[in-house]
Amino acid sequence: MAMEWLTMTASELGQKIGSGDINPEELTECYLSAIRNCAEAPRIYARLTEDRARIESAAAAERARLGLRLSKLDGVPVSWKDLFDTAGVETNAGSALLAGRTPEFDARVVRNASAAGLVCLGKTHMSELAFSGLGLNPVTATPPCINFPDSVSGGSSSGAAASVAFRLAPCAVGSDTGGSVRIPAAWNDLVGLKTTSGLLPLEGVVPLCPSLDTVGPLTRSVEDAAALLSALGGRPPPDLAGANLRGVRLLALQNIALDDLSSAPAEGYELALRRLEQNGARIADIEIPELGDALDLVACLYCVEAYATWKEEIESSPGLMFDKIRERFQRGANFSGVEYAAAWSKLKNIRNAYRRAAAGSDAVVMPASPILPPNLSRLMDQPSYYESENLLALRNTRVANLMEVPALTIPAPVPSTGIMFLGHSHEEGRLLRLGKAAEAALDPNRIN
């Protein structure tokens with residue numbers, strides 16, 4: 001029975017805890033045992049929090065016995081990307097620059113999740129300081145991809161995705177500044193939600209670009225993403241009951257999103273669109289030329305803020321960093337304050353143009369990633385390959401961060417590909433209802 005628990009969604013586990021069929025303490029031990037016995041676990045978990053997990057699961061078991069459960073996920077284990085502060089446990093954001101950094105307090109979202117009864121399993125590996133979409137980290141560890149053992153898992157929430165995909169956690173929490181939840185979710189056949197900026201608190205989250213950083217769940221189902229979002233924000237979960245695609249209006253982005261599209265992502269995306277239409281969605285093509293101008297601002301907006309955030313630490317010990325990540329940070333020194341301010345001013349105008357173009361639709365859709373997970377050895381040996389694959393990996397996902405809207409990726413009908421839905425600002429509930437209906441349409445007859 002315990003092995004069956006490892007295949008269940010977080011929501012299914014929560015229901016079984018509520019009905020008395022699963023004891024949270026036994027469930028936690030099941031996952032801790034799975035982690036200890038998995039050969040890939042050291043590449044996925046930076047460190048476990050076994051004592052905390054046992055204390056929290058014991059409390060959850062007692063609440064379940066008394067009928068006093070705190071949420072539908074009370075007693076369900078969760079993994080945390082290693083940039084969320086956990087009291088008394090090292091949190092180094094995948095960087096030797098922060099080795100030994102041990103916070104006194106939990107991040108606000110960790111506190112919220114604990115208040116909802118989730119059980120902290122441990123901290124997962126990630127791209128160094130969250131500044132890569134690939135998940136390659138020679139400094140700490142590079143988590144594996146579930147479908148391609150010789151490839152990276154996607155970043156920067158690489159270990160978070162791998163922990164769920166390899167059944168070493170039923171759900172995980174990551175961060176997303178340019179695609180860091182959605183890329184690893186897509187490449188590992190998971191659901192990934194990028195939330196609207198400011199929806200979830202960043203207190204106690206190691207920053208990359210605070211203006212663009214967001215927190216989001218990586219899960220096995222849209223229902224799980226909705227439940228975990230509720231726990232992270234301390235709000236009631238959105239109502240997903242009766243979600244369907246009848247009358248749903250989707251705008252399929254034609255410019256940028258389909259450029260340099262590899263064959264597998266293209267096939268997965270086309271199959272996904274076809275099934276959505278067969279289930280009642282109305283899909284119209286759209287071009288939004290202003291998005292090209294937004295992507296031209298990426299180097300300035302991201303690198304300047306990231307370098308400003310970490311300049312002192314980087315320049316004091318540059319040799320501790322993976323050179324590709326260090327060089328990317330240091331590009332921020334190439335822009336003036338005038339250029340940075342002008343870029344933000346221009347982006348605000350582009351956001352207004354995007355909102356006008358997307359108005360009246362339920363979502364803008366595109367492939368989550370134009371490429372499959374890149375080969376790890378090639379990334380290490382070929383600098384040009386690293387640069388091109390990192391930029392391609394993040395290109396489509398960055399649109400949502402730049403436009404300040406939530407985005408949901410769900411698995412497309414081809415392994416390691418996803419279809420991404422861009423919703424409207426602060427309308428996560430509406431986006432998740434759409435995702436629930438789309439998930440049901442795409443799940444049958446999946447190509448393996």
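1. R101 is partly exposed, at a relative accessible area of 29%. (Buried means under 20% relative accessible area, exposed over 50%, and partly exposed in between, with a 1.4 Å probe and protein chains only.) R101 forms a salt bridge with D85, and the closest N and O atoms are 2.9 Å apart. (A salt bridge is a side-chain nitrogen of Lys or Arg within 4 Å of a carboxyl oxygen of Asp or Glu.) Both R101 and D85 lie in the loop between strand 2 and helix 6 (108-115), so the pair ties together parts that are 16 residues apart in sequence. D85 counts as buried, at 8% relative accessibility.

2. On the basis of these values: this is a predicted model, in which local features need pLDDT of at least 70 and side-chain atom pairs count only at pLDDT 80 or more, while totals for chains, interfaces and linings use all residues. Residues are numbered from 1 along each chain as its sequence is written, and side-chain values use heavy atoms, with hydrogens and water left out. Helices (H or I, at least four residues) and strands (E, at least two) are DSSP runs, numbered from the N terminus.

3. By the salt-bridge rule, the count comes to 20. One of them joins D74 and R63, with the closest N and O atoms 2.7 Å apart. This pair links distant parts of the chain, eleven residues apart: D74 is in the loop between helix 5 (50-66) and strand 2 (77-81), and R63 is in helix 5. D74 and R63 are both buried.

4. For R63 the relative accessible area is 19%, which places R63 in the buried class. The side chains of R63 and D74 are also joined by a polar contact of 2.7 Å. (A polar contact is a pair of N or O atoms within 3.5 Å; within protein, one must be able to donate a hydrogen and the other to accept it, and residues adjacent in sequence count only if both atoms are side-chain atoms.) Neighbours within four places in sequence aside, R63 is in contact with L68, R69, L70, D74 and G117. (Contact means heavy atoms within 4.5 Å.)

5. R430 forms a salt bridge with E427, the closest N and O atoms being 2.8 Å apart. R430 counts as partly exposed, at 36% relative accessibility, and E427 also counts as partly exposed, at 31%.

6. H424 sits in the loop between strand 11 (418-422) and helix 17 (428-442). With a relative accessible area of 18%, H424 is buried. A polar atom of the H424 side chain lies 2.8 Å from the backbone oxygen of S361.

7. E40 is placed in the loop between helix 3 (24-36) and helix 4 (41-44). Its relative accessible area of 26% makes E40 partly exposed. The C-alpha atoms of E40 and P144 are separated by 7.5 Å, although these residues are 104 residues apart along the chain. Setting aside neighbours within four places in sequence, E40 is in contact with P144 and F166.

8. Two packed helices are described by the angle between their axes and the distance between the axes. (Axes are lines fitted to C-alpha atoms, for helices over the stretch in contact, and angles run from 0 to 180 degrees between N-to-C directions.) Helix 2 (residues 10-19) packs against helix 9 (residues 222-233) at an angle of about 70°, with the axes 8 Å apart. That makes helix 2 roughly perpendicular to helix 9. (Angles under 35 degrees count as roughly parallel, over 145 as roughly antiparallel, 65 to 115 as roughly perpendicular and the rest as oblique.) A10, S11 and Q15 of helix 2 make the contact with E223, D224 and A227 of helix 9.

9. Helix 9 also packs with helix 6: their axes come within 6 Å and cross at roughly 110°. Helix 6 is therefore roughly perpendicular to helix 9. From helix 6, V109, N112 and A113 meet A231, L232 and G233 in helix 9.
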